[in-house]
Amino acid sequence: MTDSTLTTTTAPTGRPAQTPRADGRLKTYARLGKLDVYDYYLGTFIALSAVLLPLGTLTGRTAAVFGVFLVGQVFLLMAMTAFDDVTGFRDGSDITNYGPDHPLRNVKRKPLVAGALTVPEALRFAWAGAVLAALLFGVTASLAPHRPAWTAIGLAVLWVVTLQYSYGVKLSYHGFQEIYLVALGFALVILPYGMVTGRATGFLLVQAVLFGFGPLMFGVYSNTNDVDGDRSVGRPTVAALVSERGNARFIGCLSLTEFLTIAAASAVGIAPWWFVLLMLPASLLRLRQYLLGFRSGDIMRARRTGFAVHRLGVVLMIAGNLLAAVTG
């Protein structure tokens, strides 16, 4: 298919996908890899900020470790999202969630549903990304000034498990989606830090968990919106398994757990005493997200607010690392 060709793809359910407007191939593949959703990549900058001060700690070698790891994770996560789109297209859930009955979802974000790409093209893209990620993770490990065993194991597990999210073993189809999202964010923070410093501090472990909560807390709102499609294919997200009230309580508990993690870390000295105050703007915005979703009933706006909470939280954690380094 050339850039100027318009095609109509028949979905597995028999419903024809919408005919896309002609777009450049690079833009189409960027959409397949969800390159605009950069939120997963921000964890590297949290780890980087934790070694930025005192001045001189960050060398050319350690900067290269962070840089190569960042590029590697971009390729890995683009592969993951491409595999996820292939699975969602094949089982029909994306047809349901991005069809005409859901006008708030932009079908162009799903190139397979829109007919802009074929399944073989998407799979080639996904496997190319996976191979490049493996090569770059190998380079990262070779550059690392420290190589504790848990970082080498962590890199291998990260690569393997990420590709199994909704392809292969299909972890997200067996009830592990919510746990996986937190674990993924955790790994993306702690692994580069461990390769640079050879250790993992309690404060950074707390930040890694909080970073993992970011994707989780816009993911569960997406699941709330996509409940019909997930139920139709047996994808057992919490939203698909419980009632609307049960899902609201579950997300409320997650929001409270995030805040209590921050408060407890400050209270027991794992984090500085002022950390809970520093993170308060993000905590209040998280509350607003919940009220938008389950008091106002605007799930998609709440989902968008989740991205804002995550990005604000990252900025605040970076500021916290720099402040902790200055104050000792």
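Trainee: Is Lys-34 buried or exposed, and what is its relative accessible area?

Mentor: Lys-34 is buried, with a relative accessible area of 11%. Buried means under 20% relative accessible area, exposed means over 50%, and partly exposed lies in between, with a 1.4 Å probe and protein chains only. Please note that this is a predicted model, in which local features need pLDDT of at least 70, side-chain atom pairs count only at pLDDT 80 or more, and totals for chains, interfaces and linings use all residues. Residues are numbered from 1 along each chain as its sequence is written, and side-chain values use heavy atoms, with hydrogens and water left out.

Trainee: Where is Lys-34 placed, and what is its phi?

Mentor: Most residues other than glycine have a negative phi. Lys-34, although not a glycine, has a positive phi of about 50°. Lys-34 sits in the loop between α1 (25-32) and α2 (43-49). Helices are DSSP runs of H or I with at least four residues, strands are runs of E with at least two, and both are numbered from the N terminus.

Trainee: What is the phi of Lys-170?

Mentor: The phi of Lys-170 is near 60°, again a positive value in a residue other than glycine. Lys-170 belongs to the loop between α7 and α8. With a relative accessible area of 32%, Lys-170 is partly exposed.

Trainee: Which residues is Ser-166 in contact with, leaving aside its neighbours within four places in sequence?

Mentor: Contact means heavy atoms within 4.5 Å. With those neighbours left aside, Ser-166 is in contact with Phe-83, Asp-84, Thr-87, Ser-172, Tyr-173 and Arg-235. Ser-166 lies in the loop between α7 (149-163) and α8, and is buried at a relative accessible area of 2%.

Trainee: How many helices and strands are there in the protein?

Mentor: There are 15 helices and zero strands. Of the 328 residues, 52% count as buried. The protein exposes about 14,300 Å², of which carbon and sulfur atoms supply 66%; accessible areas come from the Shrake-Rupley method with a 1.4 Å probe, and for residues only the protein chains shown count as cover. Among contacts with a separation of 6 or more, 75% join residues 24 or more positions apart.

Trainee: At what angle do the axes of α3 and α8 cross?

Mentor: Two packed helices are described by the angle between their axes and the distance between the axes. Axes are lines fitted to C-alpha atoms, for helices over the stretch in contact, and angles run from 0 to 180 degrees between N-to-C directions. The axes of α3 (residues 60-91) and α8 (residues 177-197) cross at roughly 160° and come within 9 Å. The two helices are therefore roughly antiparallel: angles under 35 degrees count as roughly parallel, over 145 as roughly antiparallel, 65 to 115 as roughly perpendicular, and the rest as oblique.

Trainee: Which residues make that contact between α3 and α8?

Mentor: From α3, they include Phe-66, Phe-69 and Leu-77, and from α8, they include Leu-184, Leu-188 and Tyr-193. The contact of α3 with α8 has 13 nonpolar, two polar and no charged residues. Here Ala, Val, Leu, Ile, Met, Phe, Trp, Tyr, Cys and Pro count as nonpolar, Asp, Glu, Lys and Arg as charged, and the others, Gly among them, as polar.

Trainee: Are α3 and α7 roughly parallel or antiparallel to each other?

Mentor: The axes of α3 and α7 cross at roughly 25° and come within 9 Å, so these helices are roughly parallel. Among the residues that meet are Phe-69 and Phe-83 in α3, and Trp-159 and Leu-163 in α7. Their contact divides into 10 nonpolar, one polar and no charged residues.

Trainee: At what angle do α8 and α9 pack?

Mentor: Helix α8 packs with α9 (residues 202-225) at an angle of about 145°, and their axes are 7 Å apart. The contact includes Phe-186 and Ile-190 of α8, and Phe-211 and Leu-216 of α9. By class, it has 14 nonpolar, five polar and one charged residues.

Trainee: How far apart are Ala-282 and Arg-311 in sequence and in space?

Mentor: They are 29 residues apart in sequence and 9.0 Å apart in space, C-alpha to C-alpha. Ala-282 lies in helix α14 (residues 280-294) and is buried, with a relative accessible area of 7%.
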